[in-house]
Amino acid sequence: MLPLQGDAVDAINPSVELTEAERIDCLRLIRSDNVGPRTFRSLVDHFGSPRAALERLPDLARRGGAARSGRICSADEAKAELAASRRFGIDWLAPGEDGYPARLAMIDDAPPLLAVRGDTKTLMRPMIAIVGSRNASGAGLKFAGQLARELGEAGFVVISGLARGVDQAAHRASVGSGTIAVLAGGHDCIYPPEHGDLLAAILDHQGAAISEMPLGHEPRARDFPRRNRLISGASLGVVVVEAAHRSGSLITARMAAEQGREVFAVPGSPLDPRAAGTNDLIKQGATLVTEAADIINAVQPIMERPLMHPAREPDSEPFESDPQSHDRDQITGLLGPAPVTIDDLVRMSGASPAIVRIVLLELELAGKLERHGGGLVSLL
């Protein structure tokens, strides 16, 4: 098992640096009603900038059938959030800026702004995620710690969710080599609360913590899957150590596969329900792991390939005209509670991709559309 050569860094060039005004505009847009990461990107691709998109929000929501326009975050609110974050030692970074994990910037629903606290250099190094059961066995906790320690010695950063069990063991074993905690809530709302000391140790030893949530945001059940996509998205691969059926760790593994990341699983006893999920992952093609070398050998070829910005569909087609009522009726009529791909909507409606996308934006900003992974959409 060879350590990484030199100071290995994940990077996409060229880097960018937002002005203060651009950062405020980005924060205003992502904090406005019915705007998530995918919608943010679509709006900016269509209208050219967050500021231009902000100006169009009320009209788009009205055309989508909203009785009234959703709340738009004001400049004063955004400035106040940025000021409070900086007092807390947090920087809000955009994809492409130093400190924003390069691989995370490549996923479809990358946060437009990421709240970062700690050593930004650590966030630019190659990462391996280790996740697993909150009520892990002693053997599972010991092995998670051993993997984390050996990966750290080989030059990798361990990233996890600061949860009880496997996450905690992985973080503690890699504090000295660099580890990253991904938070489901704001930086001042640590969950579980007893891991405040662990987070402090991480930050004191050139580690880092990241979140997309504002200060004061207490994590809710639905926030943990959102957090999990950041864990998998920032990493080269995800290692699952003990996971029962229908566990959050299996959600992370599924997201990793959808994002094109490697999925690793530690086998366990067929008699232990905590190993049922990991054993199933191996049956489904995940790489079996019995030592850190299994992980390093699998990701080494990936690291040798340069990181490239992912190819995007041409969202920035100019709008020659606004959608006509018959376009909206036809596209909306093809939608329902079952997810359908945007490509299928274009093909079945006969409308241009630009028209289909603007109708979808209208519906989403009116609170009537849900976006799923893989370019799927459905009506709420």
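## The largest nonpolar core

A nonpolar core is a set of buried Ala, Val, Leu, Ile, Met, Phe, Trp, Tyr and Cys residues joined through side-chain atoms within 4.5 Å. In this predicted model, the largest such core holds 42 residues, and the members that touch the most other members are Leu29, Val35, Leu43, Leu335, Leu360 and Val377. Two or more residues of this core come from each of the helices α1 (20-30), α2 (37-47), α3 (50-63), α4 (75-87), α13 (342-349) and α14 (353-365), and α14 makes the biggest contribution, with 8 residues. Because domain 1 (20-88) and domain 3 (325-379) both give residues to this core, it lies between them.

Leaving aside residues up to four places away in sequence, leucine 43 touches Leu29, Val35, Gly48, Ala53, Leu57, Leu60, Leu361 and Leu365. In soluble globular proteins, nonpolar side chains tend to be buried together.

UniProt, in an unreviewed entry, lists residues 94-299 as "domain: Smf/DprA SLOG".

Alanine 102 is found in the loop that runs between β1 (91-93) and β2 (114-118). Its relative accessible area is 6%, and alanine 102 therefore counts as buried, since the cut-off for that word is under 20%. Alanine 102 and alanine 139 are separated by 37 residues in sequence and, from C-alpha to C-alpha, by 34 Å in space.

Terms used
Residues numbered from 1 in each chain as written. Predicted model: local features only at pLDDT ≥ 70, side-chain atom pairs only at ≥ 80, totals over all residues. Heavy atoms only, no water. Helix = DSSP H or I, 4+ residues; strand = E, 2+ residues; numbered from the N terminus. Buried < 20%, exposed > 50% of the residue type's maximum accessible area, 1.4 Å probe, protein only. UniProt positions renumbered as here; feature names shortened; annotations may be inferred. Domains from an automatic or database assignment. Contact = heavy atoms within 4.5 Å.
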